[in-house]
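Please read the following walk through the model with the sequence and coordinates open.

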Amino acid sequence: MIKADNLTKTFDDYKALNGISCTIEEGCIYGMVGSNGAGKSTFLRLLTGIYRADMGTITIDGNDVYENTELKSHMAFVPDELYFLGGASMDRMAKLYSAAYPDFSGERYEHLKEIFKLSGSRSLNTFSKGMKRQAATILALSCRPRYLFLDETFDGLDPVMRNLVKNIVCQDVVDRKATAILTSHSLRELEDTCDQLALLHKGGLVLESDISNLKTSLFKVQVAFTGEFAGTYGRDTFSDLDILHYTKHGSVANIIVRGDKADVTAKIQAKHPVILDILPLTLEEVFTYEMEALGYSFDDVLVNN
Ligand SMILES: Nc1ncnc2c1ncn2[C@@H]1O[C@H](COP(=O)(O)OP(=O)(O)OP(=O)(O)O)[C@@H](O)[C@H]1O
């Protein structure tokens, strides 16, 4: 289990991470989204022991990662800015990795090279941006790490490669009970892969939840009444509901409600509407309304790409 408690990192007088607390269970794919400068890379660099926290802690199964060689030999990190030894090929890098990572599998490396159709002997300097990320991902996956951290997971990858990476990471987590943290600017990139999502903004954790909870805890309700009541009812009529957003056009109200679907339905049915539709929201809509409730605007927090 990965646990961050009041994790804080300051560069000069700028707080890149401002007291983040979160728990990431074993066997989980944890997605971290946030716009430029939100603190995603800083979080991963603290988690991998590249940086040391100024305040708070980050531990894996209760152990501090900083200067912990044993723990680090079971984690693989693909950073946002990739670095390879000058002139090295992927095969050369694989040799180095096999010496440093006790669970490195040559067989897996060969297999992944074939799946991704990448040359092992060509200099990595001649690879395109996306090919470099593929190579770094192959090397990381070949280490068969207990903890896999992919920063800007899909940067430069085309849609086919994105899906391939998603599938292999999911398989690893299921087969070997690995734990993965993937970061991205895009919510859509992560929503079909991750079990849990966290939204970072200006060094703070704005929102964190299981995807299944997020998708089932908010609803869009469309409701209408007839007669005189149709013109006079308003938000107060639904004071027994936890409303995040309310609009009314003519006699039809659109309401975003948080709660249990059956309970919400029963409460509205009791008011005898002529129309009642309860619709699910997309994850993006859920984020939009949850953040609105917290006083943020989606566009300020996340680029929608
Ligand atoms: N080594 C450093 N020295 C000074 N400032 C830093 C350093 N690393 C990060 N920062 C600052 O900390 C903040 C968070 O940066 P970080 O790289 O963690 O964000 P991010 O969410 O990964 O952003 P991006 O999506 O653009 O990669 C930024 O304002 C950045 O300028």
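Strand β11 (residues 218-224) pairs with β14 in the antiparallel sense, over 6 bridges. Two strands count as paired if DSSP finds at least two bridges between them. Helices (H or I, at least four residues) and strands (E, at least two) are DSSP runs, numbered from the N terminus. Within this pair, Phe 219 has Pro 280 of β14 as its bridge partner.

Before going on, note what kind of model this is. The model is predicted: local features need pLDDT of at least 70 and side-chain atom pairs count only at pLDDT 80 or more, while totals for chains, interfaces and linings use all residues. Residues are numbered from 1 along each chain as its sequence is written.

The pair belongs to an open sheet of 4 strands in the order β12-β13-β11-β14, with antiparallel pairing. Because β12 (242-249) and β14 (275-280) stand at the edges with a single partner strand each, one side of each has no neighbour in the sheet. From one strand to the next, the twist averages 20 degrees. Helix α11 (residues 283-293) lies across β11, β12 and β13 (252-258), and runs at about 105 degrees to β12. Such angles run from 0 to 180 degrees between N-to-C directions, and axes are lines fitted to C-alpha atoms, for helices over the stretch in contact. Two residues are in contact if their C-beta atoms, placed from the backbone, lie within 7 Å.

How is the chain divided into domains? The assignment gives domain 1 (2-202) and domain 2 (214-301), with bounds that come from an automatic or database domain assignment. The C-alpha centres of domain 1 and domain 2 lie 39 Å apart. Their contact takes 6 residues from domain 1 and 6 residues from domain 2. On the side of domain 1 that touches domain 2, α7 (187-191) and β9 (196-201) each supply at least two residues, and β9 gives the largest share, 3 residues.

Strand β9 also pairs with β3 in the parallel sense, over 4 bridges. In that pairing, Gly 31 has Leu 197 of β9 as its bridge partner. Strand β3 is joined by 5 bridges to strand β8 (residues 179-184), and the two run parallel; here Val 33 stands opposite Ser 184 in β8. Strand β3 (residues 29-33) is largely enclosed by the rest of the structure, because 5 of its 5 residues are buried. A residue is buried if 20 or more other C-beta atoms, placed from the backbone, lie within 10 Å of its own, exposed if 12 or fewer do, and partly exposed in between. Ile 29, Gly 31 and Val 33 point one way from β3, and Tyr 30 and Met 32 the other way.

A helix pair comes next. The axes of helix α5 (residues 129-142) and helix α6 (residues 159-176) come within 12 Å and cross at roughly 10 degrees. The two helices are therefore roughly parallel to each other, a label for angles under 35 degrees. Gly 130, Gln 134, Thr 137 and Leu 141 of α5 make the contact with Met 161, Val 165, Ile 168 and Asp 172 of α6.

Finally, the chain as a whole has 12 helices and 14 strands. Its C-alpha atoms fill a box of roughly 80 × 40 × 30 Å, taken along the principal axes. Buried residues make up 37% of the 305 residues.

Methods. Angles under 35 degrees count as roughly parallel, over 145 as roughly antiparallel, 65 to 115 as roughly perpendicular and the rest as oblique.
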